[in-house]
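Let's take a friendly walk through a protein fold, one region at a time. Have the sequence and the 3D view ready before you read on.

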Amino acid sequence: MNFRTLGKQGPTVSAIGLGCMGMSEFYGSTNEKQSIHTIHRALDWGINFLDTADMYGIGHNEELVGRAVKDRRDKVVLATKFGNVRGTDGSFMGVNGKPSYVKEACDASLKRLGVNVIDLYYQHRVDPDTPIEETVGAMADLVKQGKVRFLGLSEASPQSIRRACSVYPISALQTEYSLWTRDVEVEILAACRELGIGFVPYSPLGRGFLTGRIKSVEDLEEGDWRRNSPRFQADNLNLNLGIIRRLEEIASAKQCTLAQLSLAWLLARGDDIVPITGTKRTKYLEDNLKALQVQLSKEDLAQIDQAVPLGAAKGLRYPEGSMEAVNR
């Protein structure tokens, strides 16, 4: 396993992390026993960076991850998030970044995870009604109290990132980034590098699209939220499949899978980038890890950029209403 450091003084983590969200909801059926086995195999194979959030499964995902790492806590850099509030029925109730809520959410996460300290604590979305300085100030208090080691943000704009850094060092920004979501290259990635912040791409395989296994919305289980995603709708999906065909040719020439090529491309974007792949199955996890062995030359990277330039994907990455909450 290769390791990278998030931020100027942040945690040292495996070059590829494991996103655990799909083990509880959003991506079709779940199997807790299988998911815990996958987490254990990830740790055996050298992945030490696990990502969850209090909203995934309305707390269930944190509990699952906590059970999985209970007897191997010292092997894990544990990241979780707060801010997206959900009701007990699963409904989304908005974003809360109020200082009092920050402390309440952290205590609840610590209890569900069964740990004394969270290694990396993210604000999941920026609260438009609470100055980010107040939110980060409350997060910094958690560090002083020994409940949190490092701070992060998710889907924050360059302006919000700079304001947050004026209060306390931010070690990582987590935002969607992949070959079909390259928006961060416009401003956000440069801002992170200017401020010495590590970058953690989520959905580095385009929510599974960049594996080449999704050719139609019918390939997704009933209840899979991607069925309602603009990029997976018929007209957009048919156009986006052109991306797959172009990348498959390059992957074939490199003698690797499409997923491995997509992850190798991200890893080659800089040593400050640590993608977290989300999977419930060990066979996909093992395939993803082989991306570390794929070497891309300058010519390879230029060919990939030509095949999938910024803005190539058709359709919004979230339904229109949800897009209001990103990059605030």
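Is Asp272 buried or exposed? In this predicted model, Asp272 has a relative accessible area of 19%. Residues count as buried when that value is under 20%, so Asp272 is buried. To find Asp272, look in the loop between helix H8 (258-267) and strand S12 (276-278).

Gly22 sits between strand S3 (17-19) and helix H1 (32-44). Because its relative accessibility is 13%, Gly22 counts as buried too. The table puts the two residues side by side.

| Residue | Relative accessible area | Loop |
|---|---|---|
| Asp272 | 19% | between H8 (258-267) and S12 (276-278) |
| Gly22 | 13% | between S3 (17-19) and H1 (32-44) |

What do these two residues touch? Setting aside neighbours within four places in sequence, Asp272 is in contact with Arg193, Gly198 and Phe199. With residues up to four places away left out, Gly22 touches Tyr27, Thr30 and Lys280. Gly22 also shows how folding can bring together parts of a chain: Thr279 is 257 residues away along the chain, yet the C-alpha atoms of Gly22 and Thr279 are separated by 6.7 Å.

Beyond its neighbours within four places in sequence, the contacts of Phe199 include Leu6, Leu173, Tyr177, Val184, Ile188 and Asp272.

Helix H7 (residues 234-254) packs against helix H10 (residues 298-307) at an angle of about 165 degrees, and their axes are 9 Å apart. Where they meet, H7 contributes Arg246, Leu247, Ile250 and Lys254, while H10 contributes Asp300, Gln303, Ile304 and Ala307.

How many bridges join strand S6 to strand S7? Two bridges link S6 (residues 84-86) with S7 (residues 92-95), and the strands run antiparallel. One of the residues involved is Arg86, whose bridge partner in S7 is Phe92. Together S6 and S7 form a hairpin with five residues between them, and Gly90 in the turn has a positive phi of about 95 degrees.

Terms used: Residues are numbered from 1 along each chain as its sequence is written. This is a predicted model: local features need pLDDT of at least 70, side-chain atom pairs count only at pLDDT 80 or more; totals for chains, interfaces and linings use all residues. Side-chain values use heavy atoms; hydrogens and water are left out. Two strands pair if DSSP finds at least two bridges between them. Helices (H or I, at least four residues) and strands (E, at least two) are DSSP runs, numbered from the N terminus. Contact means heavy atoms within 4.5 Å. Axes are lines fitted to C-alpha atoms, for helices over the stretch in contact, and angles run from 0 to 180 degrees between N-to-C directions. Buried means under 20% relative accessible area, exposed over 50%, partly exposed in between (1.4 Å probe, protein chains only).
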